[in-house]
Amino acid sequence: MVLIKAKEYPCQKKGEETMDHAAAMRWLDANRERLIQLSDFIWNAAEVGLLETKSAQAQIEMLEEEGFRIERGIAGMPTAFVAEWGQGQPVLAYLGEFDALPGLSQAPGPDKQPVKEGAPGHGCGHNLLGTAALGAAVAVKTQMEETGERGTVRYYGCPAEETLVGKVFMVRDGYFDDVDVVLDWHPGAINAARNNSSNAMNSARFTFHGRTAHAGGDPHNGRSALDAVELMNVAANYLREHIVEKARLHYVITDGGGEPNVVPDHAQVWYYVRAPQRHQVDEIYQRLCKIAEGACLMTETRYDVRLLSACYNILPNKTLTRLLHEHMLKVGPNQWNEEQLAFARRMTESFEPGQKEEALTNLRAPSELSEQLINDTILPWDEDTTPGGGSTDVGDVSWIAPTGRISVATGVVGQSGHSWQFAACSGMSIGHDGMLMASRILAGAGLELMRDADLREAARREWEERTADRPYRSPLQSDQVPPLDQLKGHH
Ligand SMILES: [Zn+2]
């Protein structure tokens, strides 16, 4: 088992050794069932990005009951909101997400069984993510109210994380400009405060326009938009050899024409371009646009491109991550009961051979973890900032204000991201217990940041060093609107 020895984690704290978090923790204890109900409500609603109407509303109602002021429908998105309590500086921000993933409907049991075949499901645990962050925000407010402390606590209701939309638009429209520090977490398989970056990314649809003709009768009169899509994809696959090794390109054909006997005059391909640094994505994206142009030349078609969203890589902040790590040690890892372990044992049988080991390698987790069904320890402090393969719009927030992040175990060791296993655990007690642990850590760390100006200053200095020569420029076009018109079929 991975044991945590306190001496390995030198605390940065000065003064105020015994800070009072009692009222915050009391609120979390007293509202345990209420938070679980909110999480389960969002889990059952399972709404995909920008369509999270019920999920956003349920959160807004709880925040209003708790005395938060709400600004709804911000940054051009009906389900985006910010909830605020308090006055003046410092401003502490919690990030909440609540969108589901298409096709991942899953009952809260250990075997693969959709609630409704093909429907969305919470395969990334965002029902837990938003609820824990909300709980932390209310807990901090409760404590500040009791002690009469000054400052502002905010919960950002960020829609459409999975399509990398919400926060990028909220950042561009200035909603984070006055924030001092940001705390964030993600549900997962391990308890760890990590400094991993993520990949910057562009999401864009390339639409080709040609000329129809009878595919049997007069094909020579046709100019196929589908040919252009296929040629673009061939060239993009050659491009892979000549871009930075960590870059990733993936695509789906979203429109391949109508019937084989009509030369298609319309076709569309949707691309993601990812790389560790924002400028690398920009460069690859430019080359991809040239490839689209080349495909047009070859097929005598034309194209237009719609950038749906774009995001930055995460800028880690070791000061904040370390603070979160200390609070994780204080709260302590969840211990799991027989029922939960039996559930996990059964679920583990569904894994592919080697899946658990590979997952642990990817997480740089100690090999002892392979003996665990659900993580019941806290992983050692890890300064590594190597990006994982994925992307998140938390990246953009991290370039505007110092941002600290943790992972808390809400599922089974070895589970994949975006899987039915992840969805199942997010709707039952393993997910709930992880969520409640995350709330306590985020609340404790938040209160300490509210009270310790030196700590905030240290986080700010670190952030300034990292951003010194690289000011944030929104990767969105200045007139770009959230892709609300792209949602048909996503229910
Ligand atoms: Zn996620």
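This is a predicted model: local features need pLDDT of at least 70, side-chain atom pairs count only at pLDDT 80 or more; totals for chains, interfaces and linings use all residues.
Start with the overall layout.

On the domain 1 side, 19 residues take part, and they meet 14 residues of domain 2. The size of an interface is often given as the accessible area lost when the parts come together. Here that area is about 1,100 Å², and carbon and sulfur atoms account for 53% of it. Three residues stand out on the domain 1 side: Leu164, Asn313 and Ser391 provide 40% of the area that domain 1 buries against domain 2, more than any other three residues do. As for polar links, four residue pairs are in polar contact across the two domains, counting pairs with both residues at pLDDT 80 or more. Salt bridges between domain 1 and domain 2 number zero. Two helices, α5 (166-172) and α11 (394-398), each put at least two residues into the side of domain 1 that touches domain 2. Sorted by class, that side of domain 1 holds seven nonpolar, nine polar and three charged residues.

With a relative accessible area of 0%, histidine 126 is under the 20% cut-off and so counts as buried. Setting aside neighbours within four places in sequence, histidine 126 is in contact with Glu97, Phe98, Asp99, Glu161, Glu162 and His186.

Tyrosine 285 also belongs to a helix, in this case α7 (residues 278-299). Because its relative accessible area is 10%, below the 20% limit, tyrosine 285 is classed as buried. Once residues up to four places away in sequence are left out, tyrosine 285 touches Asn202, Ala204, Phe206, Val305 and Leu307. One of these, alanine 204, is 81 residues away in sequence, yet the C-alpha atoms of alanine 204 and tyrosine 285 are 9.3 Å apart in space.

Finally, some backbone details are worth a look. Most residues other than glycine have a negative phi, and most peptide bonds are trans. The bond from glutamine 89 to proline 90 is cis, with omega near -10 degrees. Proline 90 is in the loop that links β2 (81-87) and β3 (91-97). Alanine 46 has a positive phi, near 40 degrees, and is found in the loop between α2 (32-45) and α3 (53-65). At a relative accessible area of 10%, alanine 46 is buried. Histidine 418 has a positive phi as well, near 50 degrees, and lies in the loop between β10 (403-409) and α12 (420-426). Histidine 418 is partly exposed, with a relative accessibility of 40%.

Notes
Residues are numbered from 1 along each chain as its sequence is written. Side-chain values use heavy atoms; hydrogens and water are left out. Contact means heavy atoms within 4.5 Å. Buried area is the accessible area (1.4 Å probe) that two parts lose on being put together, summed over both. A salt bridge is a side-chain nitrogen of Lys or Arg within 4 Å of a carboxyl oxygen of Asp or Glu. A polar contact is a pair of N or O atoms within 3.5 Å; within protein, one must be able to donate a hydrogen and the other to accept it, and residues adjacent in sequence count only if both atoms are side-chain atoms. Helices (H or I, at least four residues) and strands (E, at least two) are DSSP runs, numbered from the N terminus. Ala, Val, Leu, Ile, Met, Phe, Trp, Tyr, Cys and Pro count as nonpolar, Asp, Glu, Lys and Arg as charged, and the others, Gly among them, as polar. Buried means under 20% relative accessible area, exposed over 50%, partly exposed in between (1.4 Å probe, protein chains only).
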